[in-house]
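User: Hi! Could you walk me through this model?
Analyst: Happy to, here it is.
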Amino acid sequence: MENKNKYWKGLEELNNDPKFLQNKRNEFAEGIPLEDVLTDKDGEMTSNRRDFLKYFGFGISAVALAACNKAPVKNVIPYIVKPENITPGIPNWYASTNPTTGVSVLVKTREGRPVKIEGNPESPLFKGGVNAVDHASVLELYDNERLQGPKAEGNQVDWNTLDGKITKGLAAAKGIRIVSGAVNSPSTKKAIAEFTAKYPQTKHIVYEPVSYNAIIEANGQSFGKAVIPGYQFDKAKTIVSFGADFLGTWISPVEFTKQWVKNRKVGTTNNGAKTMSRHYQFESNLSLTGSNADVRVPLKPSATSVALISLYNKVAALAGAAKLSSPGDVEFAVNMIENSAKELWANRGASIVVCGTNNVADQLIVNAINSVLGNIGTTVDLDNYSNQTGGNDAAFETFVSELNSGAADAVIFFNSNPAYNYYAADKLIAGIKKATVSISTNSVADETTALCKFHAPDNHFLESWGDVETRVGFIGLMQPTISPVFNTRQASESFLRWSGNFTDYYTFVKNNWTAALGGEAGWNKALHDGFTTSMKTPVAYKTSVLPQDAVNAAYQTYTANKDKVELSLYTKVGLGDGRYANNPWLQEMPDPISKVCWDNYAAIGKVTADKLNLKDGDVITIKTKTGVIEKIPVLVQPGQARDTISIALGYGRTAGGRVGANVGKNAYTAVSFNGKTYSYTAADVTVEKTGDGYELPQTQTHHTIEGRDIIREASLGEFVKDPKAGNHKHAHIITLWDEHDSKGHRWAMAVDLNSCTGCGSCVVSCNAENNVPVVGRQEILNSREMHWMRIDRYYSFKDAHGNKVTREAGLAGNMLKGKDESLITDETDFENVRVAFQPLMCQHCGHAPCETVCPVLATVHSSEGLNHMAYNRCVGTRYCANNCPYKVRRFNWFKYRENDEFDFYMNNDLGRMVINPDVTVRSRGVMEKCSFCIQRIQAGKLQAKLENRKVKDGDVKTACQQSCPADAIIFGDVNDKNSEIAKLFNNERSYVLLEEYNVQPSVSYMTKIRNVEEELAGGHTEHSTTAPGHTGHEEAKHDTAAHANAEHAH
Amino acid sequence: MRFLRITSLFALLALGASFAKADVAEGEQLFNANCTACHALNEKVVGPALKGVNEKYDEAWLIKWIKNSQAMVKSGDAKAVKAYNENNQAVMTSFENLSDAQVKSILEYIKTPPVAQAATTPTGGGVTTTGTEVAASAKDAFYNNTTFIALSIMALILFVIVFVLYRIKQTVQGIYNSKFPEQAALEAEPTVDVKTTWKYKLFTKHPVVGTIIVILGFTVVLGIYGFNYGQTEVGVQQGYAPAQPINYSHELHAGKYKINCLYCHNGADKGKQATIPSASTCMNCHMHVTASAKYDGQVSPEIAKIYDAVGWDSEKKAYDPTKQQKPIKWVRIHNLPDLAYFNHAQHVKAGKVECQSCHGAVETMKVVYQQSSLQMGWCINCHREAKVDVDNNDYYEKLHEDLKAQGKSYATVSNIGGLECGKCHY
């Protein structure tokens, strides 16, 4: 058998977990919900045959009665005065900017209501990419729990009354504090400045629950520029990241993904490129970035500082710069640090080191490394710095004590929710209660707003004018795409009102920009484009600041905590710091790594879990020195650094909407303040088992595909030698069926596994485009998620000797022990995990197995290569789902709309405004699946016909393709020989899944190429003895984390 | 010879007359095509009534005016400025495409409209229905009523006869029974063997067969009833002609005044919806057209509904910002279920299908009704038959070549996948 990596859906599969095996044997992942219909609330099966007959009889008469409804009279109400550029049925697109992420977006509106968000392809920073959060933001507009108007002391008032009361209160206040996240809008800053001028007792406190204070502070000390730099991963050939999840959550993930992926594309996808960047990731929890890194080293939080110090010393040695005197190294990681130092030095000026900790000393070392490497001014840009986030932790600490002492007696929470996300919430809440004037501009009644006397709810960004300076020199403009749904007012305008300026905010913003943009025409152009840019060429900076005084302390922390369990807190791609908790699309988006939705959990490595006697689903309480996280379930997570526990922030909301409330546990209680900055790690925690059990809603193992050869990969060296590396195995194909005749279009998709980071943007985009319902936690547990596309995540493991854990090897070993036993041996190294992501949607097979078994011809083949699904023909036999080898069909177990059991958004009029009018909302009892966005195909074809031309490549983009920040999905007409898809569909890296079935899928995948030294493809390629030229490093044996970890393990 | 002369004279006269007649006919055609949107002969519409215009202005001036009135106004022609101001400074469309001869024939028509035309519009009745039609519809109603009454009376008489005959039979039977009691008793006994009756055979001897027949019978009856019921009550609304909030006549606007369908339903060649015109579209004409001649100088009550909707003050001839605008709630006639995607532009512009193919002769409908069933079979039928215009659209370039290669002259919609589920259902 060839020496090929084996991929596993999760530990359940590797472990042959009984539940997993049972699921595997079941015909359908989902159970039949007869019990739901027939049981009482307590879950006992109390019904009998007579009850069944009763239900049956009632059902028939109900249907008969329902059928008696006359077709209702429908009205059609035209405009009184038709707006010039709105034609019903034709979407209008507006360029705007999402102020929370800074991403340039295009907003699709239909009949004056926004229904979809896409990226703005002209934006130089984001180039058309958007992430899940941006996609989902449109749903927040239609949240019927938003505050519907101003309130003063619990009573609904009008804005004038509110303004009167507030200005009176503010004028009398001794100390006014505005608490906000990082403000990135020049106009808002100006409005706050006017406010401060009117009330000189005002201070503006920038508080970010996930703070980047240390970066700002360190850059101030190192370079005299207290900013968050802009990073250019596109210019980096070597990337070393210490816990910075820059592809997932760190500062500007969309921008960084676009940049990062530029140097990751090889072969046909990138003009025949044969080089790749190499990416090292040192981190404790398996993050999205870590799972995409070439080399990933699991590292405890307490070891990060020491690892950074050794990296600096090794780089400094190569550069001949001053070293830090350090008592020692992180023994097990020293080889990887050595390797990364060599590569960084080899690519000096074109490399980058980033660090995700909020520790000033760490960031000072990172600055020193980048400075020695000459990266400042190339990959680290201090001139066009980022405004996307920030934080001033010490200032907020002062604010909390001032609030309690009475020195600050008026406070404005400007879209900030510290009552939830501040670690010492009780102290803050007591303080807010003491304030004479407390104002919240938050748009929902969240934890903080509930405590405030005055509510001045802000508009949603799709209702607002504004400007967003994402990075200095890059101004994104915001324009309203709908008039305010409720009686809300833009917070910036509120600041103007309270400072006695009665200009409306549109005029205010326009006046700020018209002159700078060269008059009315310039303003209009910028508004039309959605941005205006004047970025400078960055300048190189040098630093000689070294935090020598922190070195010994860091080493002591490292040695003292070597065997102790540590806690690290992180944020998830979906929920972020918790501000998106009330968004059902984001709650239901599976976590890219764990595939858990609707919950957070304590991620613990296998070895640590065994040591603590924990298993999946155990409920534990974690005590740090300063806080407690109570009753959180355990998830055994491959890749988790030994002796660490990771918990996602952003869960455990208690207010702010029915969707997010009481989902997961609040982990902010474990945040601490170290005198300068907030710390998101805690050393020496104690873990107590409560004895309870809890089932986590996890989607990954729902649709098993039996460990077949579906991920193909090769190392860069193998690929350079042979572009077909890893993709030689092709099945001998026989067929029963006649070939389809496709003369016109033949739509197909190519997915570049090398580019896909697994971020999940496409999943949410698909939800929004195709009206995919949200089913909720319980239904996910029942394996009934409705997502049309999923991103499968596979793990591959090695044992302590660096050998791959394969089923073949496992079976041989297990023969003595009996079948179905675990493949896990004592030597399996769960930390050294390799991850592959694979987006999976309907493959639109040419010889589709689903079509042949449908008894009513509800799913049939089209002349354009699509697999059509006619919902109204479907009678719900589910044979098709059973016969689908890719398990991409979804059954509507319930009517998810207008059903209060699914209290998310489809059960209220406002929430339903987000529904795409071009796509049917499916009803109960029918099957559905990815349609290749057929509504977009039809629209693209029609546009071509109306314009009397052929369809151009790129006219039709699927929702998943359009939003992909990594450009991993390419869609088009393979019959058009000049199209991009025609080139990619059959290139040397392309393969189709389960080729041996000869179902002829219309989706082809391209092998994943990793920039590592070892052989991945195996078999057909010869062993590479020389390293690929561009990096010039050596010693293949040092290049894998496996070896390094082996040393640690022993 | 003299005879010949007289004959030729008559012939010439006849010829001349026929020429004059041709002029008037052409004029009528041109008048209807170009002028009726704003003018009537005897009534002020948007523009003034045109009868007598020939006497008021000389022909050369009129030709110049019709061809480009604004140029004349701008050049300061006294008569032109006066005419312009008299008509609320409403700008008259320029007709520079008309030749002098054509304008002359229009003027000829205005001077001497054919008698029939004059007769049918004695009150300048653009807005009213014509007299004969009113009579016809009244006759219709009358006819219907008399039939109903006559039939009812006849039914009543027949019922009385049946009742009387029954009474007579009863009486005779009574007399017979009392006169011949033995005979009567004998007759009253059943003479047939119960086992030979069909009821016995069916229900006692072969109960299964009987039950099946009864059930079948019910099924057929209920099925037929149910099918009709289903068709008419659940979705299929062929013939549906609901009363609309404004008694708008397509016959008048599209039929008589020949306003293009796309003038009001301007989305039909652009996108999915044909669109119901906004009230502001109505106001483009009805700002001036009030049909007041019909209503003793008052605004027509139907047109007043538009004014009410848009907040127009018909006295001041201006929008009144104090009036609240109220949208008009039209009743939707053509209801496709949400599961079917239909795009007007695809059919109207790309497919070049006439509106009437699906909607019927709307220009003859006083009240619009749904002419087609809008059932799937109806769609499919058309898709089977309709030919794709491959010659004139570059989109079909490849298809065109393929067809040529195969020696075919056309492709139907079904040939290019027009019968596939996913073309309409997604």
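Predicted model: local features only at pLDDT ≥ 70, side-chain atom pairs only at ≥ 80, totals over all residues.

User: Thanks! How many helices and strands does chain A have?
Analyst: Chain A has 32 helices and 41 strands. Helices (H or I, at least four residues) and strands (E, at least two) are DSSP runs, numbered from the N terminus. Of its 1050 residues, 57% count as buried.

User: Which residues of α14(A) are buried?
Analyst: They are A:Asp393, A:Phe396, A:Phe399, A:Val400 and A:Leu403. These cover an arc of only 110 degrees around the axis, so they sit on the same side of α14(A); the arc is that of the directions from the helix axis to the C-beta atoms.

User: And which residues are exposed on the other side?
Analyst: A:Ser401 and A:Ser405 are exposed there. Just after the helix, A:Gly406 has a positive phi of about 95 degrees.

User: Switching topic: in what order do the strands of the open sheet in chain A come?
Analyst: The order is β2-β3-β4, with antiparallel pairing. Two strands pair if DSSP finds at least two bridges between them. β2 (92–98) and β4 (113–119) of chain A are at the edges with a single partner strand each, so one side of each has no neighbour in the sheet.

User: How many bridges join β2(A) to β3 of chain A?
Analyst: Seven bridges join β2(A) to β3 (residues 103–110) of chain A. A:Trp93 has A:Lys108 as its bridge partner in β3(A).

User: Now the interface: how many residues of chain B are in contact with chain A?
Analyst: 47 residues of chain B are in contact with 41 residues of chain A, contact meaning that C-beta atoms, placed from the backbone, lie within 7 Å. The largest share of chain B's side, four residues, comes from α16(B).

User: Which strand of chain A is joined to β3(B)?
Analyst: That is β1 (residues 75–76) of chain A, joined to β3(B) by two bridges and running antiparallel. There, A:Asn75 has B:Val331 as its bridge partner.

Notes: Residues numbered from 1 in each chain as written. Chains lettered and ligands numbered in written order. Buried ≥ 20, exposed ≤ 12 C-beta atoms within 10 Å, placed from the backbone. Contact = placed C-beta atoms within 7 Å.
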